Amino acid sequence: MAHLSAVSNQVRLRVLAADSTSMTTQLLVDALGRDAQFHMIECASKASAILALVKAEKPQIAVISAQLEESGGFDLVREIRAQSQTTRVIVLLDSSARTTVTEAFRAGAHGVFCRTEPFRLLAKCIQCVANGQVWASSSELQFLLEALAQPTFAGCLNINGGLLSARETDVVRCVAEGLTNREIAQRLKLTEHTVKNYLFRIFDKLGVSSRVEVVLYAFRNGNAAQASRTLPSSSRRLSQSVTAPPRVLPKTPVAIRTTAI
């Protein structure tokens, strides 16, 4: 019997939760703890305590408020990512404001969850992020694409200190601009087949599985080419991929299938 219990605990997701106050953290842990698939780890709403528990417990998921008692949640996200690469972070937002959404992903979050969304979706959010997906609504993803189009992101990409070749970097720039494979081929004077091969290599090197994830990766690394087209066109074209595009459900968050970013 004890053996069965141990096996059960092994397959449950270890989820660390730290909301903005101790009371709301306890409420969050109690609510999520009713789901048998989660092993909840309650934590004080202090950065030092959270980092210590992440180091000791190695949770698969950390659900962190953007508004902690003593420090900003986004700086903490960066520290968690630096300390534990196996822990994927979901940021709880009071509202889906443009600045908070973009800052959360820039800090390294794998998902954002707004308190205005039905609470039942938080469990699904945790499941998706644990399975290697990125959780964001279509409007939140739009904020990221708009941020990529700003002149402050113009310039050369330098992903992972030269992980990509010069030509692969050119392809990433084109993807960030929302170009189709045919347009990329025309601009770079390549065949469409060659462009697809470059995309497969880029996906493999960056550990992603879609064009949208390439853009998110570039966004997190602080640089992207300035989009030369209107956003609706770029947003629509980014869904075109050498793999199946992510499924977007109306009025619900987008779970983008990917491996670790």
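Student: How many helices and strands does the protein have?

Tutor: In this predicted model, the protein has twelve helices and seven strands.

Student: And what share of the residues counts as buried?

Tutor: Of the 261 residues, 48% count as buried, while the protein exposes about 12,400 Å², with carbon and sulfur atoms supplying 52% of that area.

Student: What about contacts between residues 24 or more positions apart?

Tutor: Such pairs account for 71% of the contacts in the protein that have a separation of 6 or more.

Student: Switching to helices, at what angle do H9 and H10 pack?

Tutor: Helix H9, which covers residues 181-188, packs against helix H10, residues 192-206, at an angle of about 105 degrees, and their axes are 8 Å apart. Because angles of 65 to 115 degrees count as roughly perpendicular, H9 is roughly perpendicular to H10.

Student: Which residues meet there?

Tutor: From H9 there are Asn181, Arg182, Ile184 and Ala185, and they meet Glu192, Val195, Lys196 and Leu199 of H10. By type, the residues of this contact divide into four nonpolar, one polar and three charged.

Student: Is Cys128 buried or exposed?

Tutor: Cys128 is buried, with a relative accessible area of 10%, and Cys43 also counts as buried, at 6% relative accessibility.

Notes
Residues numbered from 1 in each chain as written. Predicted model: local features only at pLDDT ≥ 70, side-chain atom pairs only at ≥ 80, totals over all residues. Heavy atoms only, no water. Axes fitted to C-alpha atoms, helices over the stretch in contact; angles between N-to-C directions. Helix = DSSP H or I, 4+ residues; strand = E, 2+ residues; numbered from the N terminus. Parallel < 35°, antiparallel > 145°, perpendicular 65-115°, else oblique. Contact = heavy atoms within 4.5 Å. Nonpolar A, V, L, I, M, F, W, Y, C, P; charged D, E, K, R; others polar. Buried < 20%, exposed > 50% of the residue type's maximum accessible area, 1.4 Å probe, protein only. Areas by Shrake-Rupley, 256 points an atom, 1.4 Å probe, with all protein chains shown as cover.
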